[in-house]
Amino acid sequence: MFKHYLTAAIRLIKRSILFSSINIVGFILGITAAFLIYLWIVDELTFEDFHKNRDSIYRVVEVSKDRGGRITETPVTTAALAKAFREEFASIKNATFIKYETKLSLKYNNNIVEGKFVWVDSCFFDVFSFPIVEGNPQLIGTDPNNIVISRKFAQKLFGDTPATGKQVSYEIFGDKHLRTVVGVVDIPRKSHIQFEIVQNPDLFPRIYSWNFQESTHVYIQMGTQSISGVDRKGMSSILTKHTDTKSLLYFQPLTNIHLHTNFTDTLIGNHGNSSQIYLFAALAILIIFMGAFNFTTLSTAQASLRYKEIGVRKVTGAKQKTLITQFLSESTIQAFISLALALALTELMLPLFNWVVDKDISLSISWQVLLFVFGGILLIGCLAGSYPAFYLSTINPLLAFKGGQKTGKKGSFIKALVCVQFFIAIVLIVCTVVMFKQLKYMQNQDLGFEKENIISVNTNLWYNVDEYKQEILKNPNVISVAMGAHIVDYMKGYSWENNLMEWDTPSGGVDSLAMVQMWGDGDFIKTFGIELLKGELFTSDTKSYWSGSYNYPTLINETAWKRMKLEDPIGMPIRNPHHSWSKGVIVGIVKDFNFQPLRENIKPVLIRFSPESLLWLHIRIAPNNQQETIKFLEERYREMAPPFCKVFNYKYLTDSLIQSYAQEQQQSRVLLIFTVLSIIIAMMGVFGLVALSTQQRTKEIGVRKVIGARTNRIVKMFCKEYLRWIIISFAIACPVAYIIMYNWLNSFAYRTSLSWWIFPLAGIIIFIITMITVIGQTYHTASQNPVTSLRYE
């Protein structure tokens, strides 16, 4: 029986090669798109899957409430919790911590390589099972001088030679330190923990203090019991037991960190977005169903060509069930043919897709993939062929021999499906245009400072940078130099972004405001071209800072001035009630500026000088001869920097700002690709329907020409039919697209307008492409000799 259905399906494909090709190509494009998105979704959902104990590992999250009643959550807590959890709770199998640092330069022979540096305790590699490349990472706890490095870092430092057992060095404040590599591990991309150099915290005993809380994450590994079956109350209040804080704890599953972190997590740079998964999944479903719609519309429209076949089958005893099975098998077989070709196309498209989504996904076959593929293809094939199967199988044999049923149900169904395809295409075009418009708006918006021609270098030269600054300023292509914090981290939710600053009001009271604290030297405002509105700029007085006589002159931005509700705050002392050392005097007000993407409103900001916090060098260079200038800066840097800071890594500020829009860029590119695919599939369906329609109406066209109809009138007649469908689709798509993009734009504090011209543009694009398709297909038939048309059939 299966062989019979297979033979019939192949004969149908050969007999209707044009329409079968359109069906198959539509399926191929839809399946390829769905398969790429499926691989992306699986990749997002399987972060941390390489850890053996992933289902029993939890990250500790600290929850606190400020004086204003605002609740904040942060994974940054104290490392002392790890030991307390191990000792006080039998249900906890293990606990560990990781403290993130900035960069560390290791030297081996004459090779110096800079890497991301962290501290971990001796239990870290017992809890987390990072793939071991060589050595034994657990030996890090046996000697403070042992270190573990990542595979990529080992290749940079040692090349292809083994790294285990080799000694490396680094210098801090003139002191040389030797370390022995005891292990090399691979750090998968699908890990929220990323590092290159690991050191034993016994060299930094302050980490173990209950009062030390800086860039540290704590993790627990449960034993036989799940976390829901243990003493949650005791575990949650352990911090209040050992410290004066009132903060409580909760425990975030390791597998939830990537997609379900709903609080600020500044130390992790590879978080995903669960809403993006829903967006991509919806797009994949739309595209694959558009391919299925093509099959349904063409198969239904082709029904009149198969009426005699159906009549013969019914007269010879074929039952409705048999006919339904045959028609469903035809669609399913075409779907499986499309599958084989779609898999090949997926492999070809993966490099491009990886570039679009910034991943390294590979096509690997597993039982989950096979289940998804075959189950999905069977479902899509049956759905695509269900209406033609049930429609054609109900035709009366007598009517079948006379040309079929004379009702309008078939035509109405076909028009509805075509309208759905037009609707999807118009909505996707509107969404794509709006996303690109918003992205362009954010990239070109005035941020309140001059962002061009500035390079930022992570130097750690805060104690001897003045000499280097004076040296490079001798180059005429170096316009200005400033030391400051890493400004692209501004407004990401660090603890220092919510400093509660107080001041005495003219009425004798005390007022306060939460402000973001930024660090910069006396040239910071000048280098970035930030406008001074009132008062004066401060100077970098390093000598008085170290002597303790510095009074911390402070700048505030416009927003802080407005929120303070003071007519003239210049000269006003300001202080942090929680830190006696954090005080200063307001000396100037600068125009609002924003170093971060325009997703949030500008916050109140204060800027002050502290050489201990100036880790980045910001250099404004002339627009001409930039490569020569950067080479000069690097040469002077290598000559003057201490040994542990010899690596000169720089970034253009504009590149850093563009990277902060990576999510929007990714969404826009993916949406553009899917929009193009949807238009192609929709136009393929239109092409097939027009071809079929002209084939069925050849005799009608001939009669019209005999009685005097011109070719252009016949073409216009066909165009009017599709124009009606476009108008209906456009009328439905516009409000839907408006609602979707209105809600999307509302997620940005600063957003472009939802311009009216975008909607007619989408309709015009679909109209032009459709008319080109219709005219191109009908003109050939309409321009034929009417004698040829009348002899048709």
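Modeller: Two strands are said to pair if DSSP finds at least two bridges between them. The strands themselves (E, at least two residues) and the helices (H or I, at least four residues) are DSSP runs, numbered from the N terminus. The model is predicted, so local features need pLDDT of at least 70 and side-chain atom pairs count only at pLDDT 80 or more, while totals for chains, interfaces and linings use all residues. Residues are numbered from 1 along each chain as its sequence is written, and side-chain values use heavy atoms, with hydrogens and water left out.

Strand S14 (residues 499–504) is paired with strand S15 (residues 510–519) in the antiparallel sense, over 6 bridges. Within this pair, Leu500 stands opposite Ala514 in S15. S14 and S15 form a hairpin, with 5 residues between them. In the turn, Gly508 has a positive phi of about 95°. S15 also pairs with strand S20 (residues 605–608), in the parallel sense and over 4 bridges. Here Val516 faces Val605 in S20.

Elsewhere, Gln276 lies in helix H8 (residues 274–301). Gln276 counts as buried because its relative accessibility is 6%; buried means under 20% relative accessible area, exposed over 50%, and partly exposed in between (1.4 Å probe, protein chains only). Leaving aside residues up to four places away in sequence, Gln276 touches Trp40, Gln663, Gln666 and Gln667, where contact means heavy atoms within 4.5 Å.

Two or more residues of the patch come from each of helix H22 (711–745) and helix H23 (758–782). H23 gives the largest share, 4 residues. Ile772 is placed in H23 and counts as exposed because its relative accessibility is 58%.

Confidence is given by pLDDT, the predictor's score for each residue from 0 to 100. The protein chain averages 81, and 83% of the residues score at least 70. Over residues 406–410, pLDDT stays under 50. Where pLDDT is low, the predicted coordinates should not be read in detail.
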